[in-house]
Amino acid sequence: MVIREHNTPPVLLNKRKTHSSVILCERSQILENKLPHNSTPGTNLTNLRFLIQITTEYDKISFMNRLITVQSKRDVPSKYRNTPIELLFEYHNFGRLKDVYSLPQLLIGMCMDNRKHLRLPDNFAFILRTGGANLIHNDFAVSYAISVGAIKHIVLIGHDQCGMVDLISRKEQFIQGLTENAGWDRQTAEEHFDHSAPIFEIGNEIDFVLRESKRLSLKYQKIIVVPLVYRIENNLLHMIKSD
Ligand SMILES: [Zn+2]
């Protein structure tokens, strides 16, 4: 099948229904449904806005296609039954009434983003909040939760619209903000950004949380590490489809 997209070369699709072909088919459906009549591709601001809108919707669909909505206990994979992972879904997604805990049951790593909050009982979990749920500089705290806190499960929670994606696009805002709000001189602020942004850039939210979970699994081999995604739109936790 050949799909000719808005102002782009033809896209060849495999007849096999692969993950990417599903996404491309959905993208073409959006284009068919929303393409303005009598439009001349790429020639004016309206079309530019249209293309940005389409790209945004496409990215959203691509993101969503990689997630599993967890709406009831049946959606929790059987390997997580009767574990703190299932409890996390019950408290946050299903609204289970909060139980009383005296000891932590798991470690949660999640982004510092202010739009996210978890509905959890007191004392239920250690929570490490960092940019993009990146725990690369928090291994001592992770080790502490495992050794002293005796937790056996780690959940890493990425989220959509994460500020740690495409940091370079906010470089100027970062430099200006530090100079105006914190009194830094411009050169120091720029050097700070140039040094740190490559360390904290996560690329794609889902891919990053998968990679970071794998890193922790290899480092702490007796610990169960589960990558999840929090969607800002519905404030719910989602599983990630395995490829
Ligand atoms: Zn974030």
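What is the order of the strands in the open sheet of 6 strands?

## The sheet

The order runs β3-β8-β7-β6-β4-β5, and the pairing is mixed (strands pair if DSSP finds at least two bridges between them). At the edges sit β3 (67-69) and β5 (125-130), each with a single partner strand, so one side of each has no neighbour in the sheet. On average, neighbouring strands are turned by 35 degrees against each other, direction ignored (axes are lines fitted to C-alpha atoms, for helices over the stretch in contact, with angles from 0 to 180 degrees between N-to-C directions).

β6 and β7 pair in the parallel sense over 7 bridges, and I154 has V225 in β7 as its bridge partner. As for α3, it packs on the sheet and touches β4, β6, β7 and β8, its direction making about 45 degrees with that of β6 (contact means C-beta atoms, placed from the backbone, within 7 Å).

## The core

The largest nonpolar core has 37 residues, and L107, V155 and I157 have the most contacts inside it. Such a core is a set of buried Ala, Val, Leu, Ile, Met, Phe, Trp, Tyr and Cys residues joined through C-beta atoms within 7 Å; buried means 20 or more other C-beta atoms within 10 Å of a residue's own. Elements supplying at least two core residues each include α3 (84-92), β4 (106-111) and β6 (153-159).

## The model

This is a predicted model: local features need pLDDT of at least 70, side-chain atom pairs count only at pLDDT 80 or more, and totals for chains, interfaces and linings use all residues. Residues are numbered from 1 along each chain as its sequence is written.

Key:
A residue is buried if 20 or more other C-beta atoms lie within 10 Å of its own, exposed if 12 or fewer, and partly exposed in between; C-beta atoms are placed from the backbone. Helices (H or I, at least four residues) and strands (E, at least two) are DSSP runs, numbered from the N terminus. Two residues are in contact if their C-beta atoms, placed from the backbone, lie within 7 Å.
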